[in-house]
Amino acid sequence: MEKKDAFSQKLENQVKEWKKAIDDLQERAQKSTTHAKLELLEMVERLQLKMDAVQIRLDELRRSSSEAWSGIEKKIEVAVAEMKTALEQARNKFKH
C-alpha cells in the first residue's frame, strides 16, 4: 500500500505542476496576436484533455485495491508520458 500511496502523491503533485503550466500558457495566449492566440488556445485545450485523462486514472488509482493498482499504474504511465510530450511541444512552440 505504501508504494501505491507514494505513487498517488507523486502524481497529484505532477498534476498541480501541469495545471500551473497550462495556466501560464493560457495567460500567454491572452497576450498573443490573434493567430498565435488561437493556436495556443487549441494547444491548451488539448493539454487540458490529456491532463483530464491523467486525473481520471488517478481517481481509478485511489479507488483501486492494493492488488489491482499495478495494472492501473501502467495506464497512468502511458497517460503521463503523453501529457509530458504534449506539454513539452507546447512550451517549445511558444518559447519567448
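The axes of helix H2 (residues 34-63) and H3 come within 9 Å and cross at roughly 165°. Axes are lines fitted to C-alpha atoms, for helices over the stretch in contact, and angles run from 0 to 180 degrees between N-to-C directions. That angle makes H2 roughly antiparallel to H3. Angles over 145 degrees count as roughly antiparallel, those under 35 as roughly parallel, 65 to 115 as roughly perpendicular, and the rest as oblique. The crossing of H2 past H3 is left-handed. A crossing has this hand if the near helix is turned anticlockwise from the far one by less than a right angle; clockwise is right-handed. The residues of the H2 contact with H3 comprise 15 nonpolar, one polar and seven charged. Ala, Val, Leu, Ile, Met, Phe, Trp, Tyr, Cys and Pro count as nonpolar, Asp, Glu, Lys and Arg as charged, and the others, Gly among them, as polar.

The model is predicted: local features need pLDDT of at least 70, side-chain atom pairs count only at pLDDT 80 or more, and totals for chains, interfaces and linings use all residues. Residues are numbered from 1 along each chain as its sequence is written, and side-chain values use heavy atoms, with hydrogens and water left out.

Helices (H or I, at least four residues) and strands (E, at least two) are DSSP runs, numbered from the N terminus. The C-alpha trace spans about 50 × 20 × 15 Å along its principal axes.

The axes of H1 and H2 come within 10 Å and cross at roughly 165°. H1 is therefore roughly antiparallel to H2. H1 passes H2 in a left-handed crossing. Their contact has 15 nonpolar, five polar and six charged residues.

H1 and H3 pack at about 20°, with axes 12 Å apart. These two helices are therefore roughly parallel to each other. The crossing of H1 past H3 is left-handed. On the H1 side, the contact (heavy atoms within 4.5 Å) involves Lys3, Lys4, Phe7, Leu11, Gln14, Trp18, Ala21, Ile22 and Leu25. They meet Trp69, Glu73, Ile76, Val80, Met83, Lys84, Leu87, Ala90 and Arg91 in H3. By class, this contact divides into 12 nonpolar, one polar and five charged residues.

The largest pocket has a volume of about 180 Å³. On a 1 Å grid over the protein atoms alone, a pocket is an open set of points where a 1.4 Å probe fits, with protein on both sides within 12 Å along at least five of seven lines. Grid points are joined across faces, edges and corners, and a volume is the space filled by probe spheres set on the points. Phe7, Lys10, Leu11, Gln14, Glu17, Ile76, Glu77, Val80 and Lys84 line the pocket; lining residues have an atom within 4 Å of a point. Helix H1 (2-31) and helix H3 (69-93) are the elements that give two or more residues to this lining. H1 gives the most, with five residues. The lining has four nonpolar, one polar and four charged residues.
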